[in-house]
Number of protein chains: 2
Amino acid sequence: MANVSDITVSAFINCLSAFLFLVAFAILRLQPMNDRVYFPKWYIKGIRENPSTAGSFVKHFLNLDVRMYIRLLNWVPAALRMPEPELIEHAGLDSAVYIRIYLLGLKIFVPIALLAFGVLVPVNFTGGNFNIMRLSMKDLTFGEIDKFSISNVPPASKRLAAHIIMAYVFTFWTCYILYKEYKIVTDMRLHFLASQSRRPDQFTVLVTNVPSDPDESISQHVEHFFRVNHPDQYLTHKVVYNANKLAKMVSQKKDLHNRLIYYTNKYERKPIRRPTTKTGFWGLWGKKIDAINYYTEEIEKLSKQEIVERERVIGDPEAVVPAAFVSFRSRWGAAVCAQTQQTRNPTRWLTTWAPEPRDVYWNNLAIPFVELNVRRFATAVAMFGLIFCFIVPITIVQTLANIESINKYLPFLKPLIDRGSLKALIQGFLPGIVLKIFLLVLPMILMEISKIEGHVAVSDLEARSAGKFHLFLLVNVFLGSIVAGTALQQLKEFLNKSASDIPKTVGVSVPMKATFFITYIMVDGWAGVAAEILRIVPLILYHLKNILLVKTERDRDEAMDPGSLLWPITEPRLQLYFLLGLVYSTITPILLPFIIVFFAFAYLIFRHQIINVYHQKYESAASFWPDVHRRILIGLIISQFTLLGLLSTKQAANSTPVLIVLPVLTFWFHKVCKNRFESAFRKFPLQDAMIKDTLERVTEPQLNLKDYLKDAYTHPVFRGGVVELTDIDEEEGDGYHLVATKRSHMGSKAGTRDGSSEEMTGIFAV
Amino acid sequence: MANVSDITVSAFINCLSAFLFLVAFAILRLQPMNDRVYFPKWYIKGIRENPSTAGSFVKHFLNLDVRMYIRLLNWVPAALRMPEPELIEHAGLDSAVYIRIYLLGLKIFVPIALLAFGVLVPVNFTGGNFNIMRLSMKDLTFGEIDKFSISNVPPASKRLAAHIIMAYVFTFWTCYILYKEYKIVTDMRLHFLASQSRRPDQFTVLVTNVPSDPDESISQHVEHFFRVNHPDQYLTHKVVYNANKLAKMVSQKKDLHNRLIYYTNKYERKPIRRPTTKTGFWGLWGKKIDAINYYTEEIEKLSKQEIVERERVIGDPEAVVPAAFVSFRSRWGAAVCAQTQQTRNPTRWLTTWAPEPRDVYWNNLAIPFVELNVRRFATAVAMFGLIFCFIVPITIVQTLANIESINKYLPFLKPLIDRGSLKALIQGFLPGIVLKIFLLVLPMILMEISKIEGHVAVSDLEARSAGKFHLFLLVNVFLGSIVAGTALQQLKEFLNKSASDIPKTVGVSVPMKATFFITYIMVDGWAGVAAEILRIVPLILYHLKNILLVKTERDRDEAMDPGSLLWPITEPRLQLYFLLGLVYSTITPILLPFIIVFFAFAYLIFRHQIINVYHQKYESAASFWPDVHRRILIGLIISQFTLLGLLSTKQAANSTPVLIVLPVLTFWFHKVCKNRFESAFRKFPLQDAMIKDTLERVTEPQLNLKDYLKDAYTHPVFRGGVVELTDIDEEEGDGYHLVATKRSHMGSKAGTRDGSSEEMTGIFAV
């Protein structure tokens, strides 16, 4: 068990590193050459231009104005100043709602902490169990922190009633705040959706599992089906091409293009010698040749192949996958089609509301129904394996964290460790960091698993991998840290234990792990969040690209990587703090201030980042909120069972019936919230669709919707290509030609995600 | 433990009683005076008339044709002869699909029994554990039946592999048959729905939770809302009145009317003395008065009150509940409205497909959303209490069944019991009967709980109470019989046991309870089903009514009670046989023939009853099938866990990983079936609606749908009443007047369920 001095060291280290990160940020962000790293959002918006090029050459890169450095923290009020409606306008609803989660944490935990410090800490501190225990068994070392925790209350003490009452108070408070927040977010979402301007996905439905027909092509079949079954509403449709090979070629070409630019730049700087390269892998071996000529030829070759492939895809009926984007004359028609079942066979003609064009995950549109079932089953098995086997490295970390066991298993390290400060370092810093590194790799694996599951929208993919990540953190980080041993061992143990023993096992270990989690919060929550604002990786990458690849202003725009709020990763990690806060609120309230500091600090940092840096790839209008809500409630229920288990070992068995009511009530609360709010996040009310339709009919009677929707759902590789898809109908308005010309103008950017999404915005603005 | 001779006695008793029931039925059904008890279905259909009144007076009541009595079982081929399509036509899809469950039982268990007797019985019989055990501990008495069961295989024997392989074979076979059956039933349902003639519920949606509006009445509010949001499709609507008080008056009046007829009949038969009655409760005390005059006056008084109340309900805006039946121009429009969300607030303007008019449960239409949530929570708690407390009497029965414990606790009964035959009677007959009586009361309680839950259709109510009953049987009859003690004790014990110990506890007890369940099958399944065909209660009631109340031919029609297939009661009971068959298929296969006899016999009996007797109150087009399917799968999973637990006590621990795969695969199979088939039972494909609409438009272009729908969803008490509801619109076609006149002609029957449903059929046939 770590004692108070260990924690103090850890706190000092973490605070120091957080402070250093902040200082570094404050200095770096003032340098004009870093401007695109720390304020990319404003460049994308077109509001910020390059820093003024007047003045000396040095001034172009460094900020020499000393006065600016004095006010190190002047970004803080700036981050807080922007009011919420403006923030939604500026960064989108997803981001604005996301940072509300941090606020939610403050709203829940500040009053809880006040109450806990007012009531539970005095009750625990005067409990006196600590002294008794120390007398009875000397080898058991309690940390001083335990004096403030429930461990200091002797068994069967009447004082435990305070903890039970507080558990009730905390539950009701959490539920009350959650209900209020759900209501606010729902209103925000509905208001946002209602005030949104016209978008292609409002009129469009994604149809998958189109059955094959011997007499008709897929395109004809889709048209006939919807003309018959939605006669008044059907407008047009777009089939989906299997353009994966083409997309690969486009990205290959882009890569070659980058190399060509690199060598051209090199030659321009040193025009004495033409740069050479080797033909082998990554230019590492093979015949030596002239680099510029080589890449120019390669690009030409690939361009020709690309054109052939492009024509093959469009001409070949085999390249059409059995899915289509069907557009309707009105939002009402699309809402109807998305919410209804089309045919008797529920595995065919499946309709869902189309994802935003940027949000479509094209590779998964063609998966047949049966295969989808098999895939889901396979991924469930894979997830089970992952959760119960990934733990091995984490267990090693847990062993490392335990100085005593190092001394036991690696005695030669003993003299090294016994130096006080190193010992503190190992206990206070290392475990958190190692755990963190493992957890960084994981989301990518989970994302791949979610892709195999076959979801058709990037937002779905992210929501699903967030769910998996949350489960993983729950089992492996929370349970894995509390109960020793691998998850598989735990599972075996839990299966052999009675249902009432499981909360006991967890409950008994929880107070002993408080110091570990305090350390974890400081490393991951304090220093980690401070590192986020520094953006070290994008900073380095930007300058590398700037030196090697950038020629024009547009290249510089591309080199700039704003990144985005990776909510499928940050949200489940965030949930761990809710879980810890709720679990320890009644058991070791001393942990609460650490959590509150985290929430406040992270709120500040992320608000700044959202305003100045991140650029979201799509907008889901806060559709993740039901997940957030549910996961906090899962944390609440876990905390209730933990307390129940702990108290039943404290010879307060009578408390069980009183405490078992809490999870039942909490579960019911979940059901009520689900009934009351969730449909606003999943369904599409007809009334709202009708209002928007009517309004539009009055204000824009001349609107040509068909032209507007024409190319919204074209596969990104066809965007801005030379070859036009004329699959659906031949008539083309003048407006359309204009757009097409614009797009072919930006041809070279085709295939990159950012490029296409920017372009999308362009089209929408038309 | 009962031995083979006990079972033989029980089998003899039960076979004898079944035979006696069948003989009694064969004789009684030939008597003309019983004709309406045993063939009511044909009277309702209007195909069968009274038996010819020619011949002597005696012949009118008794059948004296001796030849008819010789062929006792000639109803059997008649019951089997009717082909399925004709059966659907004759009795409806619900009934036709219901008896397929018995066939399904045969399809599953006949091959399983053949395999089990071919493989497992020899393996068990030659196991030899029995002899070893007998030598080692003499006090443990094994029944001879255990020789054929898995108990006779010694621990850690290689023979157990046969049981594991068979568990796989049985699981795959069951799933295969279930999948095939689900597909057949789905096709039958879809075909039935597609070939159905026009019905009001095809065009109608039930809207609940209509918000109140200060400026508009509920009727106006509904009309405006749907005119705006379904402009092309909205046709008309019907508000719902809170006519519960009125309905009570109508039924009171009917009761008084019956008494009046009784006394009039009495007077006519003995015109010497006018019959008298007393004014108090049930005519038992109070002032003595002339009965005929009294009831005539009372009826008149009530009639006046009824007219006043009728006018109050129609005139008073307070009597309108916030719910309405909204009808659309086409089936497509109704399908769209039923499947979509109307407004942002998911607690308002809730739309569901309207139940068939006969199927509406009027009392529950006005429950607000929040109250519904509270009610569901309360009923869940009540169900928990019921399941874990109702067991006390059943435990007493279980104790009774144990002769040894009677001798112990009630020693004075010993000499009585020791007489061999009585002992066998107690063990073989009594426990089943007592259990049965308890179970007869239960469904009514469960139905009341379901009503409190607030479902709006009788079919929903029945489906929900069936689910509750199934849960109850599972916990209390199956688990309660296997593990001794009350359910509450069990729960406590299970909570204190590890997850892997629970299947062990159950698994070890299962083989020991085989004889008990064999007895149960014979009592409940053999004799009980035979009693069903005799219809003792309806027979007695019919003759009582015939003597006391019948004056005219129409009275006789009303006295005839065809009853109906009480599937919410019979189906869960039936599931117990599937469960027993699956659980014992690998453990004590000797039980299987008893189950097969049950399924075959019950199939025969119920097919006969469906053809000749039952008259279903509504038609749900086999919407119960997903429940049936799911419950059989629950039984399958329980059987897999039981075997797993049993084998793990047989020191065959390596079998656990092999067997744990089975429930996982079964659960996945459930998911696949749910995805593949369930929506055909829950949703309404637009394509089918469109086909029917188009067809109708072509064949009946002149159809006035508004007139057709006009009175379909009027509260039954207003049916055929004098006062007409002219709430929605004033224009009335000629056709409508015709219907109204017809209905008022049948005025006196208003308010009775049967009366109104018959009338409905009349209206539909127009």
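1. Helices (H or I, at least four residues) and strands (E, at least two) are DSSP runs, numbered from the N terminus. Residues are numbered from 1 along each chain as its sequence is written, while chains are lettered from A and ligands numbered from 1 in the order in which they are written. The model is predicted: local features need pLDDT of at least 70, side-chain atom pairs count only at pLDDT 80 or more, and totals for chains, interfaces and linings use all residues.

2. Start with B:Leu565. This residue sits in the loop between helix H26 (553-559) and helix H27 (567-587) of chain B. B:Leu565 is buried, with 22 other C-beta atoms within 10 Å. A residue is buried at 20 or more such atoms, exposed at 12 or fewer, and partly exposed in between; C-beta atoms are placed from the backbone. Leaving out residues up to four places away in sequence, B:Leu565 touches B:Ser95, B:Tyr98, B:Thr570, B:Ile610, B:Tyr614 and B:Gln616. Contact means C-beta atoms, placed from the backbone, within 7 Å.

3. Next, the cores. A nonpolar core is a set of buried Ala, Val, Leu, Ile, Met, Phe, Trp, Tyr and Cys residues joined through C-beta atoms within 7 Å. The largest has 108 residues, and B:Leu580, B:Leu591 and B:Ile595 have the most contacts inside it. A second, separate core has 106 residues, including A:Leu104 and A:Phe578.

4. Now a helix pair. The axes of H23 (residues 501-512) and H29 (residues 625-649) of chain B come within 7 Å and cross at roughly 85°. Axes are lines fitted to C-alpha atoms, for helices over the stretch in contact, and angles run from 0 to 180 degrees between N-to-C directions. H23(B) is therefore roughly perpendicular to H29(B), a label for angles of 65 to 115 degrees. Among the residues that meet are B:Pro503 and B:Val510 in H23(B), and B:Phe641 and B:Leu646 in H29(B).

5. How many residues of chain B are in contact with chain A? There are 35, and they meet 35 residues of chain A. H30(B) gives the largest share of the chain B side, six residues. 100% of the interface residues of chain B are also interface residues in chain A, so the copies meet through the same surface.

Note on methods. Angles under 35 degrees count as roughly parallel, over 145 as roughly antiparallel, 65 to 115 as roughly perpendicular and the rest as oblique. Two residues are in contact if their C-beta atoms, placed from the backbone, lie within 7 Å.
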